[in-house]
Amino acid sequence: MRIDILTLFPDMFQGPFSQSIIKRASDRDLVNIVIHNIRDYTHDRHHVVDDYPYGGGAGMVLKPAPIFQAVESIKPETGHQGEATGGGASAAPVILLTPQGRLFCQGIAQEIAKCHHLILICGRYEGVDERVRDYLVTDEISIGDYVLSGGELAAMVIVDAVVRLLPGALGSDASALDDSHATGLLEYPHYTRPPVYRGWAVPEVLLSGDHARIAKWRREQAILRTLRRRPGLLEEATLSEEERQLISKTEQSGFSMSSSSEQE
Ligand code: 6GU
């Protein structure tokens, strides 16, 4: 997968992208992340990227030309513009990171992880000239209902969530399957040695070696944790009849029953 990121602050990406999963995925050529400074696509002497808003008002607006030029210089380079793609592979999505975008979630991460090529534009200042939205961008994404100073941190969040889904990016491909949200549920509790720490014991079932019992316990814990912390998520989750009964019973008992650690 190739990811091009357009930003006015390329240095912000150096730390996060040179560590951990993203670093390993880059080293293994699972992903090629290319950071572009929007300022490099200006042609005037002072490399001006922003200007006053028409109609007045506070703040500056990112000019359209450098952003269009950056995207157009990337597309032919990667052979996606107007190219016959031989079925399936479509042009690279051009995603603007903005608080006005659709809300990012695991489903969108999975959708993006299927792309061969992706272009992310980090908005800044008061905004971006609307013609970038109207004639260049194919999607707008926000990472939550709060305002960041720019799209850079959002781009890092999205790249992290997407890259860890690429086959081979994690130590074991199984590890992403149980993640919180991957199943539509929050994750079950984890324990490691020692079996008793400061008098607090690991749930007995996990030491039993009975894999079927362990799987059942984990699934129940995931459901109960989701019910208590994020009940809205259960509306979308795929649950068995038995699991729906567990939920009703827990709700009827005023959430007091617990099959061990899920008491909070
Ligand atoms: Cl994508 N950008 C900015 N500036 N703020 C945000 C955001 C994006 N997502 C949430 N807040």
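This is a predicted model: local features need pLDDT of at least 70, side-chain atom pairs count only at pLDDT 80 or more; totals for chains, interfaces and linings use all residues.
The shell around the ligand consists of L97, T98, P99, I141, S142, I143, G144, Y146, L148, G150, G151 and A154. By class, seven of these residues are nonpolar and five are polar, while none is charged. The side chain of S142 places an N or O atom 3.3 Å from a ligand nitrogen. Of the 290 Å² of accessible area that the ligand has on its own, the protein covers 96%. Two or more shell residues come from each of the strands β5 (94-103) and β8 (139-142), with β5 giving the most, three residues.

The structure contains 13 salt bridges. Within helix α2 (residues 20-27), D27 and K23 are four residues apart, about one helical turn, and their closest N and O atoms are separated by 2.7 Å. D27 is exposed at 52% relative accessibility, whereas K23 is partly exposed at 34%. In helix α5 (residues 130-135), R133 and E130 stand three residues apart, again about one helical turn; they form a salt bridge at 3.2 Å. Here R133 is buried, with 15% relative accessibility, and E130 is partly exposed, with 44%.

A further salt bridge, at 2.7 Å from N to O, joins D139 and R102. This pair links distant parts of the chain, since D139 lies in strand β8 and R102 in strand β5, 37 residues apart. D139 is buried at 17% relative accessibility, while R102 is partly exposed at 34%.

Terms used. Residues are numbered from 1 along each chain as its sequence is written. Side-chain values use heavy atoms; hydrogens and water are left out. A residue is near a molecule or strand if one of its heavy atoms lies within 4 Å of it. A polar contact is a pair of N or O atoms within 3.5 Å; within protein, one must be able to donate a hydrogen and the other to accept it, and residues adjacent in sequence count only if both atoms are side-chain atoms. Accessible areas come from the Shrake-Rupley method with a 1.4 Å probe; for residues, only the protein chains shown count as cover. Ala, Val, Leu, Ile, Met, Phe, Trp, Tyr, Cys and Pro count as nonpolar, Asp, Glu, Lys and Arg as charged, and the others, Gly among them, as polar. A salt bridge is a side-chain nitrogen of Lys or Arg within 4 Å of a carboxyl oxygen of Asp or Glu. Buried means under 20% relative accessible area, exposed over 50%, partly exposed in between (1.4 Å probe, protein chains only).
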